[in-house]
Amino acid sequence: MNTYPEQTGRSVLPRARVPARAGLNQRTLRFAVLLFALILLINGAMFVYLNRLDTDVVTPRSETSQGVIQAIALDGGRFVAANLSNEVLLVEGGEVVNSLPFPTVVGGLAARAADGRIYVGTTDGLVTILDDQLQPLQEVMIGGRIVGLEAPPQGGFLVAHGVGAYSDRYWVSYVPEGDDQPAWSTQADFTISALAMLADGTALFSTLNSRVAALDANGQERWKVTLGQPPTELEPLPDGSRVLVGDDRGNLTLLGQDGTPLWVVAPTQYPIRSIAHAPEDDVFFAGDEHGSIFAVNDVGGVLLSQQVTQGNIDDILPLSGDGGLLAVPRNGAWLSITPQGVTGAGTAIQLRTVWIGLNAGLIAALLAALVLAVERWRRALAQQLRFAFKQRAAYIFILPSLLLILVFSYYPAAMAFYHSFTNFSARGVTELIGLDNYVKLLRSDFYFRVGFGNMALIILTNLIKTMTVPLLVAELIFALRKEVHRYVFRTLFVLPAVVPSLITVYLWRMVYDPYAGLLNQLLGVFGMDHLQRAWLGNEQTALWAIIGAGFPYISAFPFLIFMGGLLNISQELYDAAKIDGATWWSRFWRIDVPLLIPQFRLLAFFSFSGAIQGFAHIFIYTRGGPGYATYVPGLQMYYRITEGDFGYASAIGVVLFMMVLIGTIFILRFRREAFEVQ
Amino acid sequence: MRTQPTPSVQPNYRQRRQWTTVLIYTLLGVLLFLSFFVILIMISLSLRPTALIYADFWSLPWPPVFINYQTAIFDLIPAMLRTLLVTFVSIAGILIIACPSAYAFGRMRFPGNEPLFYLVLAVMMIPGVILLTPHFILAQQLGLRGSLWGLIAFYIAGGQPFAIFLISTFFRTQAEEIFEAARIDGASELQALIRIAVPLAWPILMTVAILNFLGIYDDFIWPRLMLPQTQQTLVLALERYNPQVGEFLSRPELGPQAAGYVFASIPQLLIFVFAMRYFIQGLTSGAVKA
């Protein structure tokens with residue numbers, strides 16, 4: 001431990017005088033070495049263990065899909081599948097052994113392993129019953145278009161059918177074995193998106209208005225629940241105690257017996273296309289539209305998330321026998337899923353989190369031990385900590401401000417950059433898209449190009465407006481001899497600033513009014529009626545009307561800045577100029593302008609960054625119109641935000657930020673050169 | 001005092017200077033008139049019924065009619081109250097949160113003082129334009145959209161860096177002796193802040209308040225993104241303000257509109273009357289330069 005006397009204040013002696021060995025605390029150092037060994041050991045052990053756990057959950061099979069949209073397992077390693085060419089295929093031993101074409105799109109496919117019956121529902125409202133060699137046995141006319149079909153173990157079939165998009169003319173019907181008429185038909189309140197049936201005759205269906213409902217064996221509604229997103233898949237457990245619902249936004253929701261949601265996980269952002277349950281391991285498998293397979297356990301823990309292909313995973317089928325499953329993608333090789341591997345993978349994911357946390361903790365401890373081991377650092381640290389603790393009031397004082405700044409400034413600024421590399425929007429799936437937004441913005445966005453040109457003109461005229469008239473007025477007032485007059489004029493010229501700047505915009509909008517606008521009235525007074533027009537409604541004049549607003553451009557801010565600058569110039573310089581017989585003109589150029597350069601620079605900065613960032617007045621004057629005549633990038637960004645197109649809006653924001661940054665650097669550079677000249 | 005003889009001046013010099021003086025006053029007068037022209041027209045319009053404005057634009061508002069003000073003020077009072085609430089609560093929040101920070105940064109020594117201060121100052125270099133989109137997203141995530149309090153939260157946070165910068169600079173100039181004396185008397189830092197530093201810093205606090213008032217009172221884009229139609233601030237309400245009082249269904253009601261604009265200028269007028277001193281002093285001191 002520390003054997004040195006408490007050190008107060010700083011020693012004048014160089015620290016190097018202390019013998020090197022004495023500067024190290026042996027015990028702490030030994031502790032650090034021990035920690036280091038521990039880190040190596042734990043990492044090595046984890047590495048070996050995790051490698052052993054990593055068994056492949058998903059392995060490719062010999063079957064391949066070409067445009068398969070649905071698949072069902074029969075017994076004996078045979079499958080029946082429907083594809084985009086309206087064919088039903090029989091797959092056996094990895095080969096298509098038989099196929100049957102249908103005249104319209106297959107909307108529902110079901111099969112019962114027990115009797116080998118295959119049910120095919122098409123969009124012309126017909127359900128065709130086939131035997132296990134695809135030989136037609138019976139046709140049942142249901143009507144509407146078939147959107148879902150189920151073949152429950154007790155025989156017969158359950159069918160969802162209806163007409164129209166987003167209509168309430170959809171029904172769930174049950175046709176008993178051998179019949180050609182539904183035993184019951186229940187109307188759904190919206191387009192049906194998924195269908196399922198249990199052994200006890202309970203029918204489940206979901207609709208596009210985000211509802212899931214259960215009907216009893218007689219078609220009476222048992223329960224109904226509204227979820228956050230339209231479901232795409234329903235997977236009940238055989239005993240009906242749980243239903244897993246996959247939806248359009250990649251959420252998996254587990255419903256209890258009476259439809260109460262138990263938990264929700266969002267393993268993906270893409271629509272869920274298939275769900276299956278592996279009973280032996282009690283794990284649900286889900287496939288999404290983006291080729292990923294997920295495994296979720298009974299409490300909503302995501303055990304596996306693995307992208308295996310590019311397109312839809314259209315079906316996941318439980319295989320009889322070893323408890324394995326089969327994933328059928330739209331295109332490409334079918335995949336075997338080994339649920340046993342997933343439990344290991346789940347452990348691995350959990351272990352990995354612990355591992356990372358443990359490592360971080362140990363490394364922090366190691367660093368702390370190393371710092372503490374060096375006597376000098378230890379003492380400095382202790383001193384700093386004591387000092388910090390003594391001044392803890394300061395940290396309490398700055399905490400609220402710092403939190404606000406971090407949350408409302410730094411975090412959003414970082415997010416702006418991040419979002420600009422994504423297609424983040426109010427709808428659809430957020431993805432990193434690299435520089436696509438910028439490429440589109442700078443190369444092919446017509447509105448941005450027009451807006452950029454307009455903005456350049458506005459920047460230029462803004463600079464001229466800020467630099468000329470306010471300076472002229474300041475010089476005129478400065479030339480007045482009577483102090484009182486100076487004061488009165490100064491106050492009078494600042495007075496218009498009592499009108500808030502946006503009210504000035506409203507006033508100028510009135511000035512340009514085509515009916516009773518001041519400008520048209522003035523032109524009328526001077527007999528120039530032919531020049532009267534709707535100034536803001538005309539493509540030729542709108543932009544110049546906006547630029548012209550505010551005449552005669554004596555804003556309080558630049559005026560006062562110039563005034564202050566002039567008052568600060570030493571009277572002796574003026575006296576010397578007078579003695580030399582300098583005219584007002586040459587005095588202005590030789591003394592005032594060079595000495596006002598700091599003021600020019602400040603105003604250049606403000607009017608430049610103001611012109612890039614300000615678009616509220618353009619929004620009020622013209623909304624960017626007529627057409628796109630007064631578009632500016634800021635306004636385009638605003639519209640993108642209101643349309644919910646946040647990624648693109650962020651990219652515009654970043655580009656404008658870069659412009660402000662470059663402008664600022666340019667203005668600061670200009671300062672250094674001005675210094676060098678002096 | 002003896003009058004200075006001016007023998008070296010040429011005979012026509014005095015005359016020329018007089019001409020220059022006349023020219024200067026004339027120019028100033030013309031520019032002043034032009035500066036006020038639109039404002040005077042606004043006041044004139046606000047005092048005349050719309051029907052008469054359309055009949056003869058240029059006639060004088062005599063005798064003045066206050067019916068426009070009656071309409072405008074009645075319509076706009078809720079929006080005005082909302083705006084004043086937002087503005088004053090935001091300013092109070094900015095000052096209450098920034099003062100302790102400014103005090104810590106300006107007057108207290110503690111590990112991390114400088115880096116943290118630069119962390120605060122650096123925010124001023126972030127232009128608002130890049131923050132618009134992420135602020136909108138943040139507001140939605142935090143559920144701050146649609147309420148005045150959400151708007152206030154953003155104003156308070158956004159006002160921090162500049163307020164901390166100005167106030168801490170001012171605190172730094174305060175004499176150490178007073179604080180030393182307070183410490184000897186057993187005052188805590190909080191007491192020193194409330195009893196000594198803040199009361200002596202009124203001018204700078206006023207400046208910060210005014211600058212924030214000017215920024216918040218007529219902010220347009222951000223409230224437009226944040227607030228629903230039913231919660232509009234004053235400038236939002238004025239944007240499409242066109243009360244259907246008269247018979248000019250297709251034409252703007254210029255009279256009440258102008259009255260609304262005058263009404264909206266009153267708070268800023270009051271601020272200027274009572275605090276213009278601080279504002280002008282601050283800007284003409286010559287200290288403001290890049």
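Start with helix 6 (residues 446-467) and helix 7 (residues 469-478) of chain A, which pack at an angle of about 5 degrees with their axes 4 Å apart. That makes helix 6 of chain A roughly parallel to helix 7 of chain A (angles under 35 degrees count as roughly parallel, over 145 as roughly antiparallel, 65 to 115 as roughly perpendicular and the rest as oblique). Select A:K465, A:T466 and A:M467 on helix 6, then A:V469, A:P470 and A:L471 on helix 7; these residues make the contact (heavy atoms within 4.5 Å). The axes are lines fitted to C-alpha atoms, for helices over the stretch in contact, and angles run from 0 to 180 degrees between N-to-C directions. Helices (H or I, at least four residues) and strands (E, at least two) are DSSP runs, numbered from the N terminus.

Before moving on, note that this is a predicted model: local features need pLDDT of at least 70, side-chain atom pairs count only at pLDDT 80 or more, and totals for chains, interfaces and linings use all residues. Residues are numbered from 1 along each chain as its sequence is written, chains are lettered from A and ligands numbered from 1 in the order in which they are written, and side-chain values use heavy atoms, with hydrogens and water left out.

**Salt bridges**

Stay on helix 7 of chain A and pick A:E475. A:R587 forms a salt bridge with A:E475, with the closest N and O atoms 3.5 Å apart (a side-chain nitrogen of Lys or Arg within 4 Å of a carboxyl oxygen of Asp or Glu). A:R587 sits in helix 14 (residues 584-595) of chain A and A:E475 in helix 7, so the pair ties together parts that are 112 residues apart in sequence. A:R587 is buried, at 17% relative accessible area, and A:E475 is buried at 2%. Buried means under 20% relative accessible area, exposed over 50%, partly exposed in between (1.4 Å probe, protein chains only).

Next, show both chains and select A:R509 and B:E239. They form a salt bridge, the closest N and O atoms being 3.9 Å apart. A:R509 belongs to helix 9 (residues 501-511) of chain A and B:E239 to helix 11 (residues 234-239) of chain B, so this pair joins two chains. Both A:R509 and B:E239 are buried. In chain B, select B:R107, B:E176, B:E180, B:R183 and B:E189: salt bridges that share partners join them into one network.

Now go to A:D189 and A:K224. Their salt bridge has its closest N and O atoms 3.3 Å apart. A:D189 lies in the loop between strand 13 (184-188) and strand 14 (192-197) of chain A, and A:K224 in strand 17 (residues 221-226) of chain A, so the pair ties together parts 35 residues apart in sequence. A:D189 is partly exposed at 27%, and A:K224 is partly exposed at 39%. Over all chains, the count comes to 20 salt bridges.

**Around helix 4 and helix 5**

Select the loop between helix 4 (392-420) and helix 5 (436-444) of chain A, which holds A:L432. A:L432 is exposed, with a relative accessible area of 60%.

At 13% relative accessibility, A:S425 counts as buried. Not counting residues up to four places away in sequence, A:S425 touches A:G644, A:D645 and A:F646.

Move to A:S650 in helix 18 (residues 646-677) of chain A. A:S650 is buried at 1%. Beyond four places in sequence, its contacts are A:A416, A:H419, A:S420 and B:T133.

**Backbone stops**

Select A:F551 and A:P552: the peptide bond between them is cis, with omega near 5 degrees. In chain B, the bond from B:W62 to B:P63 is cis, with omega near 0 degrees.

Finish at A:N86, where phi is near 60 degrees, a positive value in a residue other than glycine. A:N86 counts as buried at 15%.
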